[in-house]
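The following note sets out points for a colleague who has the model open. Please read the numbered paragraphs alongside the display.

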Amino acid sequence: MRVVWGVLGGLALLFGLVGIVLPLLPTVPFLLLAAFCFARSSDRLHSWLVEHPRFGGPIEDWRRYGAISRRGKRLATLSIGAVFLLSVVMQVPAHVLAIQAVTLGLVLTFIWTRPNGPR
């Protein structure tokens, strides 16, 4: 079972890294998932990820405080807006836009109601 958790963690980490350059793919949720999976598969990989100078901070903020940084909130909002705008430009049917607007609105509500964290 540890191998399965390790593979899932590796895939989540890969998606998180791709999300750094693709604004439509979220980074931090995939890093959180990778940390969760690595905690069940490899102490070494888990420690590497949560102690990483770039990725460790957001993971620790979420684990300790349930917090998302103000910068992360802004980037998420911009990405969500870009996704919705892309759907409008692609002339997605109105009923799909409505579902998307409600879903993305709820996601933004969740994000912006989280604390900013200590950093």
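1. E60 counts as partly exposed because its relative accessibility is 27%; buried means under 20% relative accessible area, exposed over 50%, and partly exposed in between, with a 1.4 Å probe and protein chains only. The model is a predicted one, in which local features need pLDDT of at least 70 and side-chain atom pairs count only at pLDDT 80 or more, while totals for chains, interfaces and linings use all residues. Residues are numbered from 1 along each chain as its sequence is written, and side-chain values use heavy atoms, with hydrogens and water left out.

2. Which residue forms a salt bridge with E60 at 2.7 Å between the closest N and O atoms? The partner is R64; a salt bridge is a side-chain nitrogen of Lys or Arg within 4 Å of a carboxyl oxygen of Asp or Glu. Both E60 and R64 belong to helix α4, where four residues, about one turn of the helix, separate them. R64 is classed as exposed because its relative accessible area is 59%. Through salt bridges with shared partners, E60, R63 and R64 are joined into one network.

3. The closest N and O atoms of the salt bridge between R63 and E60 are 3.9 Å apart. R63 and E60 are three residues apart in helix α4, again about one turn of the helix. R63 is partly exposed because its relative accessible area is 48%. An α-helix has 3.6 residues a turn, so residues three or four places apart point the same way. In the whole structure, the search finds two salt bridges.

4. Helix α4 covers residues 56-65, and its buried residues are G56, G57, I59 and D61. Helices are DSSP runs of H or I with at least four residues, strands are runs of E with at least two, and both are numbered from the N terminus. The cover over the buried residues of α4 includes α2 (28-41) and α3 (43-50). Just after α4, G66 adopts a positive phi of about 65 degrees.

5. Helix α1 spans residues 2-21 and includes V4. V4 is partly exposed because its relative accessibility is 43%. V4 also belongs to a nonpolar surface patch of about 780 Å², made together with M1, V3, V7, L8, L11, L14 and F15. Patches are made of residues with over 30% relative accessible area and no salt bridge; nonpolar side chains (Val, Leu, Ile, Met, Phe, Trp, Tyr) are joined within 5 Å, and like charges within 9 Å.

6. V18 is likewise located in helix α1. V18 is partly exposed because its relative accessible area is 30%. Between V18 and R71 the separation is 53 residues in sequence and 19 Å in space, C-alpha to C-alpha.

7. For the chain as a whole, there are six helices and zero strands. The C-alpha trace spans about 45 × 35 × 20 Å along its principal axes. Of the 119 residues, 26% count as buried. The chain exposes about 7,800 Å², of which carbon and sulfur atoms supply 70%; accessible areas come from the Shrake-Rupley method with a 1.4 Å probe, and for residues only the protein chains shown count as cover.

8. Among contacts (heavy atoms within 4.5 Å) between residues at least 6 apart in sequence, 60% join residues at least 24 apart.
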